[in-house]
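Visitor: I have a structure to go through. Can you take me around it, one question at a time?

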Amino acid sequence: MNSPNVPPSAPVTAPVVGMVGAGQLARMTQQAAIALGIDLRVLANTRDESAAKVIVDTRLGDYRDLADLREFAKGCDAVTFDHEHVPTEHIRALAADGHAVHPGADALVHAQDKSVMRERLTAIGAPCPAWARVEDLADVEAFAEENGWPVVLKAVRGGYDGRGVWVCETPDEAREVLGTGVALLAEAFVPFEREVAVLVARSPHGQGVSYPVVETVQKDGICVEVIAPAPGLGEEEAADAQRVALTIARDLGVTGLLAVEMFVTKSGLVVNELAMRPHNSGHWTIEGARTSQFEQHLRAVLNLPLGSPSMTAPVVVMANLLGGPDPDVYSRYEHVMANDPGIKIHFYGKDVRPGRKIGHVTALGTDLDEVRARAHHAVTCLRGPVDA
């Protein structure tokens, strides 16, 4: 029976979310959009990008070109991002045109510019390492005089997955980094015990939720494993990490997802990095949480009620799949599936290159050691022999 308030001929119009960028984050967001009945549009550089291969409404353009962004945003109910590289002034221009952009420029700049981030986090009382903007070796040596060596130098803009971060033990090493001409800031080296991450979501009307704190395992600057919940983390410390992340989201005016990477030290938590988008530390949520991070991000940017972040199993482990020398990963599907029917495999549709992040696997269960072993076995088999 038709509703008395809706004429029989009235068209049903699905919300349209435009995501600038067509990487694996956009690709996985499409899975959530399908279930929610949302039309996802992506802005890609080329048709062979990860999300462009699977999303019908793919527009080609340059995220650095305001005209391309304006054309892309037409007809979108919300515009969001799968990376942080869109120029801040272009985001402001889209908002001035009347588009709902999430996160907005005033929030996203904190994930784009590390010096702006550190300044703001320090001002709101978030736990941060000592830091300073540096322009030359004299600045670095003055910082080291006060905080000691090693000194961590970071690119102010553009760094990710360990790129743009240099741990300098000596002035000579710092001089070499300064010679790249990249704008830098210096941070005190943090002797951390492990790394954790907190993923939170916040909607435009201010509703916020936090996923469980996870432990992230890094190798050569790349996250290779995420364990949910972070093992051995006390309830009070976990709650403190969630409070810090939710406070940052509120005070920075974040809308959508916010990932806060932290160091666990003997004296407490220290905020390391921010990302304002779906994040590698949250891929486990596709199978491991009642609401995946990708669905949550769509809910948030459309100002819908947020979903439950609770876990679907006591232990979830996500292991990133890095490319090996043999590109034929599909020939190894059968063994992984037959060995462990409970393993979930996600490929990103990327060409395989050694060390490149081409997918991930997720294992769920009750025993941490057993779940980790299953995840590690799966990625080892999929990657193939070390020597081709």
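Visitor: Which residues touch the most other members of the largest nonpolar core?
Guide: This is a predicted model. The largest nonpolar core holds 43 residues. Helix H8 (residues 235-252) gives the largest share, seven residues. Those that touch the most other members are Val20, Ile248, Leu258, Met262 and Leu274.

Visitor: What is Val20 in contact with, leaving aside its neighbours within four places in sequence?
Guide: Val20 lies in strand S1 (residues 16-20). Its contacts include Leu43, Tyr63, Leu69 and Phe72.

Visitor: Which strands stand at the edges of the parallel sheet?
Guide: Four strands form this open sheet, in the order S3-S2-S1-S4. Each edge strand pairs on one side only. The edges are strand S3 (58-60) and strand S4 (78-81).

Visitor: In S4, which residue is the bridge partner of Met19?
Guide: S1 and S4 pair in the parallel sense. Four bridges join them. For Met19, the partner in S4 is Thr80.

Visitor: Which helix packs on this sheet, touching S1, S2, S3 and S4?
Guide: The direction of this helix makes about 165° with that of strand S2 (39-44). It spans residues 66-73. It is helix H2.

Visitor: How many bridges join S6 to S8?
Guide: Strand S6 (residues 151-155) and strand S8 (residues 184-188) run antiparallel. Lys154 has Leu185 in S8 as its bridge partner. The number of bridges is five.

Visitor: What arc do the buried residues of H5 cover around the axis?
Guide: The buried residues are Lys114, Ser115, Met117, Arg118 and Leu121. They lie on the same side of H5, because their arc is limited. The arc is only 160°.

Visitor: What covers the buried residues of H5?
Guide: The cover includes strands S5, S6 and S8. It also includes helix H4 (105-112), H8 and strand S14 (268-275).

Visitor: At what angle do the axes of H1 and H10 cross?
Guide: Helix H1 (residues 24-36) and helix H10 (residues 293-301) have axes that come within 8 Å. Among the contact residues are Leu25 and Met28 of H1, with Phe294 and Leu298 of H10. Angles of 65 to 115 degrees count as roughly perpendicular, and that is how H1 lies to H10. The crossing angle is roughly 70°.

Visitor: Which residue in the turn between S11 and S12 has a positive phi?
Guide: Five bridges join S11 to strand S12 (residues 222-228), which run antiparallel. They form a hairpin with two residues between the strands. The phi is about 55°, and the residue is Asp220.

Note on methods: Residues are numbered from 1 along each chain as its sequence is written. This is a predicted model: local features need pLDDT of at least 70, side-chain atom pairs count only at pLDDT 80 or more; totals for chains, interfaces and linings use all residues. Side-chain values use heavy atoms; hydrogens and water are left out. A nonpolar core is a set of buried Ala, Val, Leu, Ile, Met, Phe, Trp, Tyr and Cys residues joined through side-chain atoms within 4.5 Å. Buried means under 20% relative accessible area, exposed over 50%, partly exposed in between (1.4 Å probe, protein chains only). Contact means heavy atoms within 4.5 Å. Two strands pair if DSSP finds at least two bridges between them. The arc is that of the directions from the helix axis to the C-beta atoms. Axes are lines fitted to C-alpha atoms, for helices over the stretch in contact, and angles run from 0 to 180 degrees between N-to-C directions. Angles under 35 degrees count as roughly parallel, over 145 as roughly antiparallel, 65 to 115 as roughly perpendicular and the rest as oblique.
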